[in-house]
Amino acid sequence: MLARAPLNTEKLLIGGRRVAASSGRNFETLNPATGNVIARVDEADANDIHHAVCSARAAFEGAWSHMKASERGGLLLKLADLIRRDQDRLIEFESLDSGKPVSAIRRQDLPAVIDTLIYYAGMADKINGQVIPTRDDALTYTMREPVGVVGAIVPWNFPLMIGMWKIAPALACGCTVVLKPAEVTPLTALMIGDLAVEAGFPPGVLNVVPGFGNVAGQALVDHPDVDKVTFTGSPVIGRRILQGAAGNLKRVTLELGGKSANIIFPDADLDAAVKAASSGIFFNTGQVCSAGSRILVHESIHEEVVERLVIRAKSICIGDPLEASTAMGPLVSEVQMNRVLDYIKIGCAEGAFLVTGGARHGDTGYFVEPTIFAGVEDEMRISQEEIFGPVAAVIPFRDEDDAVRIANGTVYSLAAGVWTGDIGRAHRLTRSLKAGTVWVNTYGATDIRLPWGGSRDSGFGREHGDAAIENFTEPKAVWVNTAA
Ligand code: NAD
């Protein structure tokens, strides 16, 4: 049985202790399935951010940098154990705060969080330099050093998982972290912070400071003693992050939005393609940066694929995210629900065919029906702009070149999918598609071992794998004179 008691006011986590916000202000976090308050959370402002950054700096210069790399790895493993121990509570609060179904968090997010910790725990003592031969009278080599204090800013769609994509590699590299969760989903980040304290991370190594983006987030980005910002969120805020980071020339990684094409050719396994296209857009209520929100279908099978997609959309079990049978929960907030409903109106006004959905689901919480537009033209706004909701735009194409042109014809370059039985075509498209990830005859899988990220309005830099180690370390070149 899941405990559903309301929480008290949640304080900030700074320097290994829960502390009240210096302003004394706090804010409500709501359950998007009901609109009810789950908890009040202390609201960090620039003073609190300064306090957290100082604490992270002190830990970086002190205990953390003197710890053996293998011990850092051991602490990450301990944190993974504690997360496993407390997984029911973490899953419950992730669901309450974000509206994500518990079944999906248990199947995907939580295992990914643990996998990420174990993966980077193993890397902590394998961050090697190189001996690079230059000349006879010198020993020349490199070592990799942690960049320092990291500001990590995360969105609300995968609070635990995206948070851990940043925390685990940063800590493995020997950095310290100030984590600012999204204001609508602050709870599980604080729980992870508490578990890190319990695991034995020295005070200040991981600080968690919930607050609003334009106050706490901006203060973190502007702070002159933060060495790196790793950000996942919207392109609009990504641009602000870059401007703020210019002050002390912080290093920046930006994982931003997407409008990804999932392309279905007539020679594909249509059962598999339609199933994946449906989950590619409706999983997590469409609030996924790599959602296959543009389903490109060859004109010869457009009608058939649309019919099959509609059947699938109508069969999705929408409801209370805490129920194990629920496949689709609400949108994260009323703001997000209204934004999605506005886009549905725009699609209708643009002349796209609304073939299913299109309305709010029920009158409690922020649910929207799985919605499909057919016969969408690629210049329409619903084909170009990220909706971040359960709205699919099905776009017919003529041939391979047409499919590539449409797929590449947005400002984003995050992900794409190709469904075909022709291996040559699969490889041709893989080369032609502008995307950080291309899925062939599958859609949406990610793994911490593979680089993740995009280009253009999808941001720059890569998370995951070795790329994350490079993000959080600086190479140092050493030249030793060995002349006799
Ligand atoms: P958002 O940009 O509004 O907010 C993201 C985070 O930035 C939040 O913590 C917010 O408080 C903070 N923030 C807001 N203003 C800020 C400022 N001025 N300075 C510093 N921080 C600030 O994005 P969102 O609505 O939370 O998330 C949705 C967006 O995230 C979508 O565009 C989605 O595609 C993108 N996203 C990308 C990926 C990826 O891996 N590429 C993954 C998930 C989500």
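How many cavities of 30 Å³ or more does a search of the whole structure find? The search finds 4, where a cavity is a set of points, on a 1 Å grid over the protein atoms alone, at which a 1.4 Å probe fits but cannot get out. The structure is a predicted model, in which local features need pLDDT of at least 70 and side-chain atom pairs count only at pLDDT 80 or more, while totals for chains, interfaces and linings use all residues. Residues are numbered from 1 along each chain as its sequence is written, and side-chain values use heavy atoms, with hydrogens and water left out.

The volume of the largest cavity is about 90 Å³, a volume being the space filled by probe spheres set on grid points that are joined across faces, edges and corners. Its lining, meaning residues with an atom within 4 Å of a point, has 14 residues, and P159, L160, G163, L179 and A189 are the closest to the centre. Helices α6 and α7 (187-199) each supply at least two residues of this lining; helices here are DSSP runs of H or I with at least four residues, strands are runs of E with at least two, and both are numbered from the N terminus. The largest share, 5 residues, comes from α6. By class, the lining of the largest cavity has 11 nonpolar, 3 polar and no charged residues. In this division Ala, Val, Leu, Ile, Met, Phe, Trp, Tyr, Cys and Pro count as nonpolar, Asp, Glu, Lys and Arg as charged, and the others, Gly among them, as polar.

The second largest cavity holds about 70 Å³. It is lined by 13 residues, and K259, A407, Y412, A415 and K434 lie nearest its centre. Strands β16 (412-413) and β17 (415-419) each supply at least two residues of this lining, which by class has 7 nonpolar, 4 polar and 2 charged residues.

Open spaces were also identified. A pocket is an open set of grid points with protein on both sides within 12 Å along at least five of seven lines. The largest pocket has a volume of about 1,200 Å³. It is lined by 48 residues, and P155, W156, E183, S234 and I237 are the closest to its centre. Two or more lining residues come from each of β3 (26-30), α8 (213-222), β9 (228-232), α9 (235-245) and α12 (334-350), and the largest share, 6 residues, comes from α9. The lining of the largest pocket divides into 24 nonpolar, 12 polar and 12 charged residues. At least three of its residues come from each of domain 1 (12-256) and domain 2 (261-440), with bounds taken from an automatic or database domain assignment.

The second largest pocket has a volume of about 960 Å³. Of its 42 lining residues, R107, Q108, S279, F283 and G444 are the closest to the centre. Helices α5 (102-123), α6 (159-172) and α10 (270-282) each supply at least two residues of this lining. By class, the lining of the second largest pocket has 22 nonpolar, 15 polar and 5 charged residues. This lining also draws at least three residues from each of domain 1 and domain 2.

The largest nonpolar core has 102 residues, and those with the most contacts inside it are I83, Y120, M164, L179, F201, I264 and I295. Such a core is a set of buried Ala, Val, Leu, Ile, Met, Phe, Trp, Tyr and Cys residues joined through side-chain atoms within 4.5 Å; buried means under 20% relative accessible area, exposed over 50%, and partly exposed in between (1.4 Å probe, protein chains only). Helix α5 gives the most to this core, with 11 residues. Domain 1 and domain 2 each contribute at least three residues to this core.

Several individual residues were also examined. L322 lies in the loop between α11 (302-314) and α12 and is buried, with a relative accessible area of 11%. Its C-alpha atom is separated by 9.7 Å from that of F93, 229 residues apart along the chain. R456, in strand β19 (residues 455-456), is not a glycine but has a positive phi of about 50°; R456 is partly exposed at 40%. H464, in the loop between β20 (459-460) and α16 (465-471), likewise is not a glycine and has a positive phi of about 75°. H464 is buried, with 1% relative accessibility.
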